[in-house]
Amino acid sequence: MKIGIAGVRGSIPTPTGNTLFERRVETSKYGGNTTCVYVEADDGSQHILDAGTGIRDLGVYLASQGGFNGQGRELNLYITHTHWDHIQGIPFFGPAYVPGNKITVFGEAKVRGVHDGVKLSLEAAIREHSDQPGYFPGLLCVEGEGLQKVLQNQQSFRNFPAPLEALRGVQQYNDFIAGMKIYEKGNLSIDTLALNHPGNSIAYRLTEKKNDGSKKMMVFSTDFEPDENGFDEKVIEFWRGANLVVADAQYEPRGSPYTENKFMPTWGHSDYYTDLMMATMAGVDTLMLTHYEPKMSDMYYDGLFERAKTAAVEIAGKLGKRAVNVEMAREGEWHRL
Ligand SMILES: [Zn+2]
Ligand SMILES: [Zn+2]
């Protein structure tokens, strides 16, 4: 699979430039768009993880490739959760407006739903469908905020001139139960896990079988707050054996002297040290840090990268395991698994 980094920032876009009160921090090296990652599988299927502002330029790129002009090309968009930094690019995603494209948007079902006209609790839905590899086409959230409803609200008339219904290239919104396998086609399958974050975030694990029988695994695991032990067993299991984990490193580890603000891992986010501990325990090959803090500059992240590489070796020594390779997510870069 081919992985393109389209947005790396958490919380709010962070363009380079001067503000009214200071020379603005440089962000052009790592990037200032909110979160978005593109994955193209070996079989040509196309997948997008999150729809922060990075999805706008990704849409321009996809259109330039000539595939999204209404000829029925399929594209799946997986939303980790509906905080703004993960959905605010949708109204500016060009391919979504082209009738004839076949875009499906996936997100976590939050409430009791209706499936084929039968009202099911989430627990009953899991029981009834746990043997199915698929998602729930047509699962409607009847209470609270289904995915489609949340996205409609983002594009209500007073918020944005074009309603969600103008996105005629989107064919379906699928609310799924966290923990399910939501995609299995050709050589690619996608599993999900609910992460600890205000209102939950979903981690997606893409597993691709290669022709020689081997497999490659990539996990997108952002907006996660570790528990009081400093990590989370469920997440470690989900990451186990992955070739690449793209993980939330918005804040500094507890007690770090490297930030003047008092960020503690309490706003639903993780840090590079916790991610490295978990990745080392899970036997991950490469940990790619992302969801960068808007206040922080390229220079800060250059320093953090060095500290993370040193920590990777220290942690490996402490745990008696292989050291994880650390990378920083940078907009505009491609990776191959
Ligand atoms: Zn976020
Ligand atoms: Zn969030």
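This is a predicted model: local features need pLDDT of at least 70, side-chain atom pairs count only at pLDDT 80 or more; totals for chains, interfaces and linings use all residues.
A cavity is a set of points on a 1 Å grid over the protein atoms alone where a 1.4 Å probe fits but cannot get out; lining residues have an atom within 4 Å of a point. Grid points are joined across faces, edges and corners, and a volume is the space filled by probe spheres set on the points. Local features need pLDDT of at least 70, side-chain atom pairs count only at pLDDT 80 or more, and totals for chains, interfaces and linings use all residues. Residues are numbered from 1 along each chain as its sequence is written, and ligands are numbered from 1 in the order in which they are written.

The largest cavity has a volume of about 50 Å³. Its lining comprises Leu77, Ile90, Phe93, Ala96, Ile103, Val105, Leu151, Leu164, Leu167, Val170 and Tyr173. Two or more of the lining residues come from each of β5 (102–108) and β9 (170–176); strands are DSSP runs (E, at least two residues), and helices are runs of H or I, at least four residues, both numbered from the N terminus. Eleven nonpolar residues form this lining, with no polar and no charged ones. Ala, Val, Leu, Ile, Met, Phe, Trp, Tyr, Cys and Pro count as nonpolar, Asp, Glu, Lys and Arg as charged, and the others, Gly among them, as polar.

The zinc ion (ligand 2) is coordinated by His81 (NE2), His83 (ND1), His197 (NE2) and Asp223 (OD), at 2.1 to 2.5 Å. Donors are N, O and S atoms within 2.8 Å of the metal (3.2 Å for Na, K and Ca); water is not among the atoms, so sites may look incomplete. Along the chain, the donors of ligand 2 follow the spacing H-x1-H-x113-H-x25-D. His197 lies in the loop between β11 (188–195) and β12 (201–209) and Asp223 in the loop between β13 (215–221) and α5 (233–239), so the pair ties together parts 26 residues apart in sequence. His197 counts as buried at 6% relative accessibility, and Asp223 at 1%. Buried means under 20% relative accessible area (1.4 Å probe, protein chains only), exposed over 50%, and partly exposed in between.

Asp223 bridges this ion and the zinc ion (ligand 1), which lie 3.5 Å apart. The zinc ion (ligand 1) is coordinated by Asp85 (OD), His86 (NE2), Asp223 (OD) and His291 (NE2), at 2.1 to 2.3 Å. Its donors follow the spacing D-H-x136-D-x67-H. Both Asp85 and His291 are buried.

Technical notes: Side-chain values use heavy atoms; hydrogens and water are left out. On a 1 Å grid over the protein atoms alone, a cavity is a set of points where a 1.4 Å probe fits but cannot get out, and a pocket is an open set with protein on both sides within 12 Å along at least five of seven lines; lining residues have an atom within 4 Å of a point.
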